[in-house]
Amino acid sequence: MSSKITKVKGIYDILGKEAKAFSLIEETFFKLTKLFGYERVFLPILEREELFVRSVGDTTDIVEKEMYTFEDKGKRKVALRPEGTAGAVRAYIENQVFLSESYTKWSYFGEMFRYENPQAGRRRQFYQAGCEYFNAPLPTADGELIYLASWILKELRVNAELYINNIGCEKCRPRYKAYLIDYLFSKKEKLCSDCQKRLERNPLRVLDCKNPTCRDIVEEAPNILDFLCEECKDHFEKLKEILDILKIPYKVDPFLVRGLDYYTKTVFEFKVNSLGAQNTVLAGGRYDNLIKELGGPDIPALGFAMGVDRVALCILNLLEDKREGVIILPFEEKYIPFALKVFKLLSEATNILEKIEEEIDTKKFLFVKNLMENEKLRNFMIEVRNRIELPNKLGKIKKLFNLADKKNFAYAIVIGEEEVEKNFITIKNLETREQFNLPLNMLEV
RNA sequence: GUGGGCGUAGCUCAGCUGGUUAGAGCGAGGGACUGUGGAUCCCUAGGUCGCCGGUUCAAGUCCGGUCGCCCACCCCA
C-alpha cells in the first residue's frame with residue numbers, strides 16, 4: 001500500500017450512527033420549517049470575503065482569525081462561509097426578492113467553516129440548519145420563529161432551555177454601550193486579561209465572560225433592558241406576552257449578547273446541559289439593519305441557526321437500530337432468476353401501495369385486498385416499502401440468515417427448490433422467527 | 001492562537017526500570033452444522049507500535065520534532 005492520505009484537522013467524515021442522526025435532523029428540520037411556510041434554498045458555500053467582513057463584523061473573531069479565505073484564480077478574495085445569514089441576505093438583495101414577495105421565509109441546511117481548534121461540539125467544518133424570515137417587523141414573527149425552533153428541538157427530543165434578551169437598536173444601544181464602557185473602565189484592573197482586550201474591541205462581549213470575577217463585575221453593570229428605547233421596549237414586552245400565550249418557557253438573560261455584530265432587538269439561545277462547554281444548540285435573533293447595511297432596502301428580518309453536529313451529539317444515544325426491510329435469500333445460484341422475479345414484483349407492488357393511500361383505487365389487485373385483511377401480510381408489505389434487497393453473495397444457509405440478522409432486516413424471503421416449483425415464497429419474520437407463505441400469483445396481476 | 005491528556009490489529013485496550021518472533025477480548029472470515037440467524041467450541045486473517053529524526057549493541061518503551069485525536073481556554077451554532 002502506498003502512503004495514506006488523511007483527513008485535514010477538524011474536518012470529519014460523518015458515517016454510521018452520526019449520519020443517521022444527521023438525516024433525522026435534516027428531515028425533521030425541513031418538515032417543520034415547511035409547515036411554518038419556509039422554502040428550502042440552496043446557497044453558495046463560497047462567497048466574497050467582504051460579505052462577511054461587512055455583515056458579521058470586522059472586529060469579531062470569526063472574521064479576524066477564523067475564516068478560510070483565499071484568492072481564486074481570477075484574483076477575487078473569497079471565503080468559505082462561516083455562517084449562513086450573510087449569504088442569505090446577499091442572495092435576497094441580489095435577486096431583488098423583496099420586489100416580488102411581500103415577505104420571504106427561507107430555510108437551508110449546509111456546511112460552514114471556521115478555523116478554530118476542535119473540541120467537543122466544535123469542528124472546522126460543521127453543519128447548520130437555519131431559517132431566515134425577511135420583511136417581518138412584528139414581534140409575532142419573533143414569537144413564531146422561537147416557537148418553530150423550540151418545536152424542532154422538542155421533536156428531536158433535545159432538552160434545551162431558552163434564554164432571550166433584547167439588545168436594542170441603533171437608537172438605544174449606543175447610549176447603553178457608552179454607559180457600559182464607562183462602568184467597565186472603572187473596574188478595568190479587576191477584569192481578566194481577555195476582557196481587558198474585549199473592552200477595546202467589543203465591550204458587549206464582556207457580559208458573557210465565564211470568568212467568576214468578571215461575572216461579579218457584570219452583575220453590577222448597567223442593564224441593557226433599562227436603556228431600551230420605547231420601540232425596543234415595546235417589542236420585547238410583546239414578545240414575552242406572545243411566548244406566554246404560546247406556552248414557551250423562557251428565561252430573560254440581560255447578559256445574553258450574540259457574537260455577531262448584525263443583531264438588533266431580539267436575541268435568543270437554546271442551551272443544553274449535556275454537552276460540555278459548547279452547549280448552545282440553536283441561536284438567533286433579529287437583524288433589522290443588515291439588509292440596508294449590505295446595500296439593500298430598509299427591510300427588517302430575523303432568523304436562527306441550529307448546530308447540527310451538536311444536536312446530533314445530544315440525540316446519538318436516543319437512536320436505536322430497529323429492524324427494517326426485507327432481504328431475499330435464494331439458497332442456490334439456480335434460484336436467482338426466481339429471486340429476481342420476486343424482487344421486481346415486490347418492489348413494484350410498493351408503488352401500488354403508495355397510490356392506494358391517496359386515491360382509493362384499490363380492489364383492482366387481488367393481493368392488495370388480501371393485504372388489507374391479513375395483518376401479517378400487511379406488516380410484511382410495510383417493510384417491503386422500507387427496504388428490499390437481494391444478497392450479494394451465496395453461501396451456507398446459516399450464513400445467509402446470519403447476514404440478514406446482522407444487517408437488521410425485519411423479514412427474510414426464503415427461496416429454495418420447493419418455492420420455485422410451486423411458485424410461492426416463504427416469508428420469515430426475523431424477530432419472532434415466525435414463517436408464512438405467499439403464493440406469487442397474487443402479485444402477478 | 002494558548003494549555004493539558006493521548007496515538008499499539010477494524011474496535012477497546014495490555015505490553016514491567018529499553019532485551020529475542022508484539023498480546024488479549026470483541027468484531028471479521030471459515031469450520032463443527034448441505035432448508036433456517038443471534039448460543040457454544042475450534043481454526044484463520046489482520047500490525048513498518050501515527051510519521052520523521054536522534055540516543056543506544058538493542059527503541060513500542062527514552063529524547064526532539066511533526067501530524068492527528070480528545071478535553072479545556074478563547075470563540076460560537
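Predicted model: local features only at pLDDT ≥ 70, side-chain atom pairs only at ≥ 80, totals over all residues.

Residues are numbered from 1 along each chain as its sequence is written, chains are lettered from A and ligands numbered from 1 in the order in which they are written, and side-chain values use heavy atoms, with hydrogens and water left out.

Start with the strands. Helices (H or I, at least four residues) and strands (E, at least two) are DSSP runs, numbered from the N terminus, and two strands pair if DSSP finds at least two bridges between them. Eight strands make an open sheet with mixed pairing, in the order S1-S5-S6-S11-S10-S9-S7-S8. At the edges are strand S1 (39–40) and strand S8 (251–252), each of which pairs on one side only. S1 and S5 run parallel and are joined by two bridges; Glu39 is opposite Trp106 in S5.

Helix H1 (residues 16–35) lies across S1, S5, strand S6 (125–134) and strand S11 (301–307), at about 165° to S5. For that angle, axes are lines fitted to C-alpha atoms, for helices over the stretch in contact (heavy atoms within 4.5 Å), and angles run from 0 to 180 degrees between N-to-C directions.

Now strand S4 (residues 77–80), which runs antiparallel to strand S2 (residues 46–48), with three bridges joining them. Leu46 has Leu80 as its bridge partner there. S3 also pairs with S4 in the antiparallel sense, over three bridges. These two form a hairpin with five residues between them, and Lys75 in the turn has a positive phi of about 65°.

Next, the inside. A nonpolar core is a set of buried Ala, Val, Leu, Ile, Met, Phe, Trp, Tyr and Cys residues joined through side-chain atoms within 4.5 Å. Buried means under 20% relative accessible area, exposed over 50%, and partly exposed in between, with a 1.4 Å probe and protein chains only. The largest core has 59 residues, and Phe52, Val89, Trp106, Phe134, Leu207 and Ile291 touch the most other members. Helix H4 (residues 85–94) gives the largest share, six residues. Leaving aside neighbours within four places in sequence, Val89 contacts Phe134, Tyr287, Leu290, Ile291 and Leu294. A second, separate core has 44 residues, including Phe30, Ile146, Phe304 and Leu319.

On to the loop between helix H9 (212–219) and helix H10 (230–245), where Leu225 lies. Not counting residues up to four places away in sequence, Leu225 touches Asn165, Asn166, Lys233, Phe236, Val252 and Pro254.

Last, the rings. Rings of Phe, Tyr and Trp (its six-membered ring) pair if their centres lie within 6.5 Å; planes under 30 degrees apart count as stacked, over 60 as edge-to-face and the rest as tilted. That rule gives 21 aromatic pairs. Why is the pair of Tyr68 and Phe113 edge-to-face? Because the planes are at 80°, with the centres 6.2 Å apart. Tyr68 is in the loop between helix H3 (61–65) and strand S3 (69–71) and Phe113 in strand S5 (residues 104–113), so the pair ties together parts 45 residues apart in sequence. Tyr68 is partly exposed at 21% relative accessible area, while Phe113 is buried at 9%. Elsewhere, ring pairs link Phe22, Phe29, Phe30, Phe109 and Tyr127 into a cluster.
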